[in-house]
Amino acid sequence: MNPSIKGFLRGRQQEMAIAVDDLTYAMVNRRIIRGDGVGLEDLPATAEERWRGKPGDDFHVVYVGHPTNWEPHNIPAEPGLAKTVTTVWLRDLGFGTYTKEGILRHRERVGAAVADAVKAIDKDRPVHLLLTYLSGAQVLADAVAEWRRLGVMTASFHFDDRLGFRSGRVGGQWRGPAATATAYDLNLTNVRRSLPKYGALGARAMFWPEGANPAVFRPLGIRRTHDVAFLGASYGPRQAIIRWLERQGFSVLARGPGWPGGEIPQEEVPLVLNSGRVVLGFSGIGWSMRATCLKGRDFEAPMCGAAYLPSWNPELRHVYEVGREVVAWRDRRDLAAKLNALLGDVDGLERLRAAGLARARRDHSWSSRIAAIAGILRGSAPRVDEPWP
């Protein structure tokens with residue numbers, strides 16, 4: 001089968017799976033979720049009870065991850081969080097890759113290993129929040145529920161919950177967040193449209209997009225060598241659009257798996273994001289351009305002072321002023337028109353870069369994300385039906 005046709009069909013298949021999933025949970029929930037959260041009203045009282053006897057002025061987070069390639073240089077590395085976050089990596093506890101066999105081999109032991117690590121940390125400095133990037137592929141729901149006995153609040157973020165909310169069973173448990181959502185005190189999603197899924201299960205959830213570490217992602221003051229820079233894997237519509245832009249005469253620097261030059265070390269990521277007169281983003285999920293979610297690059301690129309052009313995503317408006325801080329495009333011809341307009345307007349490009357950078361630094365660091373959770377748990381955050389942040 002022609003690769004283009006195969007990619008098109010795969011994209012439609014994924015869109016259908018997402019639509020069916022959304023409809024299924026919407027029918028169960030039968031409520032319209034407005035605002036940035038669901039079921040959060042009792043969290044301050046729960047936290048106060050759980051933290052009884054712990055000092056309240058020193059909010060201490062234990063962060064547990066695999067880690068994936070983006071984690072080490074983000075949340076635990078951000079200078080503003082140095083006194084707030086203590087990191088525990090599963091790999092350091094002896095847990096390796098998560099193939100199907102790895103899931104069955106590791107999953108039943110992860111809960112106890114994490115509990116032991118938290119207990120040891122808590123002895124020296126009381127822990128208020130156990131924050132994880134784990135779901136059904138890494139830990140059992142019963143183990144997550146047991147963590148509450150440690151006198152901590154529990155939360156996990158889920159950045160793939162549109163296509164992978166359930167994500168197939170291994171050993172009788174879903175691999176996605178559906179498996180563990182009700183066990184966590186709080187679930188964090190980067191998609192507001194996913195909130196009804198958690199509500200349908202009776203789980204608490206809050207809109208919590210990705211962020212960026214301003215100590216890593218920053219303007220470097222280097223020469224911008226290409227019209228367009230893109231960082232990410234080469235597949236599906238990305239490859240076709242990048243090649244089309246090149247045929248239109250734009251100079252494009254594309255780096256990542258599948259592109260010439262391949263994947264780059266993490267320390268070179270800011271270099272790529274500083275090398276384009278504009279930086280291109282794709283909001284699509286998998287092989288689809290129509291099913292969308294926020295991406296880490298949506299915050300890393302503006303934090304680097306880039307003029308950022310993500311593909312259209314209705315939820316961009318919750319984190320940026322679209323048109324002033326970022327510029328969204330809907331199809332390749334719309335993209336080319338906006339590129340030509342921006343590249344021909346030096347002053348306009350500088351205004352876009354400055355506005356995006358100012359917004360990212362103000363609202364989209366990981367420090368601001370942790371502060372949002374702390375505010376919810378302490379009852380000092382804005383009402384959840386107010387606009388983000």
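1. The model is predicted, so local features need pLDDT of at least 70 and side-chain atom pairs count only at pLDDT 80 or more, while totals for chains, interfaces and linings use all residues. Residues are numbered from 1 along each chain as its sequence is written, and side-chain values use heavy atoms, with hydrogens and water left out.

2. Seven strands form an open sheet with mixed pairing, in the order E1-E9-E8-E5-E4-E2-E3, strands being DSSP runs (E) of at least two residues and helices runs (H or I) of at least four, numbered from the N terminus. Strand E1 (37-38) and strand E3 (85-89) are the edge strands, each pairing on one side only, where pairing requires that DSSP finds at least two bridges between two strands. Strand E5 (residues 153-158) and strand E8 (residues 186-189) run parallel and are joined by four bridges, and Ala-155 stands opposite Leu-186 in E8.

3. Helix H11 lies across strand E2 (61-65), strand E4 (129-132), E5, E8 and strand E9 (205-207) and runs at about 135° to E4; the angle, on a scale from 0 to 180 degrees, is taken between N-to-C directions of axes fitted to C-alpha atoms, for helices over the stretch in contact.

4. Ser-365 sits in the loop between helix H10 (346-363) and helix H11 (366-378). Ser-365 touches Glu-78, Ala-212, Pro-214, Met-303 and Ala-360, not counting residues up to four places away in sequence, contact meaning heavy atoms within 4.5 Å.

5. Tyr-235, Arg-238 and Phe-282 are among the residues that line the largest cavity, a cavity being a set of points on a 1 Å grid over the protein atoms alone where a 1.4 Å probe fits but cannot get out, with lining residues having an atom within 4 Å of a point.

Definitions and conventions:
On a 1 Å grid over the protein atoms alone, a cavity is a set of points where a 1.4 Å probe fits but cannot get out, and a pocket is an open set with protein on both sides within 12 Å along at least five of seven lines; lining residues have an atom within 4 Å of a point.
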